[in-house]
Amino acid sequence: MKKEEQRPAFNQDDLKEYAIFGGLSNEQVQRVAENMLCSMHKKGAIIYNEGSRINGSYIVHSGILKIYKTGFDGKEQIIRFAKKGDLIAFRSVISDELACTTAEVIQEASLCYIPGDTLTGLIKANPDFAMDLMKLTCRELGESNKFLTDIAQKTVRERLAEILLLLMDTFELDEDNTLQISLTREELANMAGTATESVIRLLSEFKADRLIELNGRKIKLLNIPQLIKTGNVYV
């Protein structure tokens, strides 16, 4: 992990912004703040690699990361994105296993490293915090199961429409109905589990059907109800 720039340690008020720390006492929050190490990371920085030993977890203070696995052919499969308030790498700390994913910065990020013994100490001392982590683990497992089902049962067209809606829900739209995250066509393909050429073709079809408008990497959603129908998404 390459640290680009150190940031001052957080105080209690800073940490209370994040839901994951909501069940901690003031004393426990202060302990976390004192043990965290925060730093800035530029786009393209790898925070940890699949198969590496992780000795702590990270809370995202700003920016965006992509979490992905690498296939036998070297192709990325994006599992999810991490944004402000998200805790990453905690499962490897708890299970004491090697990292099963890679985390890469795609929008300059400020991350705060929480040592593993600090995290496990909170789990042992605070049942509410342990339960919150369990719920977070279950939610991520549910998302992974849904992804596997979509890959097996949905067409690429349906998956791409659903991905655009997922990005809308995760990062929201600006005042012009444009997605507030800019991804390459390859990254979209890695989310959909298909070839980049297929995504390029389908985006052109979506544009022709007046579902979206393209401006470089920027994607404006023109017809959200039709995208929901195209993606066979239940709302």
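Here are a few questions about the terms, each with a reply.

Reply: Before we start, this is a predicted model, in which local features need pLDDT of at least 70 and side-chain atom pairs count only at pLDDT 80 or more, while totals for chains, interfaces and linings use all residues. Residues are numbered from 1 along each chain as its sequence is written, and side-chain values use heavy atoms, with hydrogens and water left out.

Me: Why is tyrosine 68 called buried?
Reply: Buried means under 20% relative accessible area, exposed means over 50%, and partly exposed is in between, with a 1.4 Å probe and protein chains only. Tyrosine 68 has 7%, so it is buried.

Me: Where is tyrosine 68 placed?
Reply: Tyrosine 68 sits in strand E4, residues 56-70. Strands (E, at least two residues) and helices (H or I, at least four) are DSSP runs, numbered from the N terminus.

Me: What makes the link between the side chains of tyrosine 68 and glutamate 104 a polar contact?
Reply: A polar contact is a pair of N or O atoms within 3.5 Å; within protein, one must be able to donate a hydrogen and the other to accept it, and residues adjacent in sequence count only if both atoms are side-chain atoms. The two side chains are joined at 3.5 Å.

Me: Why is arginine 210 called exposed?
Reply: Its relative accessible area is 52%, so arginine 210 counts as exposed. Arginine 210 is in the loop between helix H8 (196-208) and strand E8 (212-215).

Me: And what is asparagine 232 called?
Reply: Asparagine 232 has 42% relative accessibility, so it is partly exposed. Asparagine 232 comes in the segment after helix H9 (224-230).

Me: How do you know that cysteine 38 and cysteine 112 form a disulfide?
Reply: A disulfide is a pair of cysteine sulfur atoms within 2.5 Å. The sulfur atoms of cysteine 38 and cysteine 112 are 2.1 Å apart, and they form a disulfide. Cysteine 38 lies in strand E2 (residues 37-41) and cysteine 112 in strand E7 (residues 102-115), so the pair ties together parts that are 74 residues apart in sequence.
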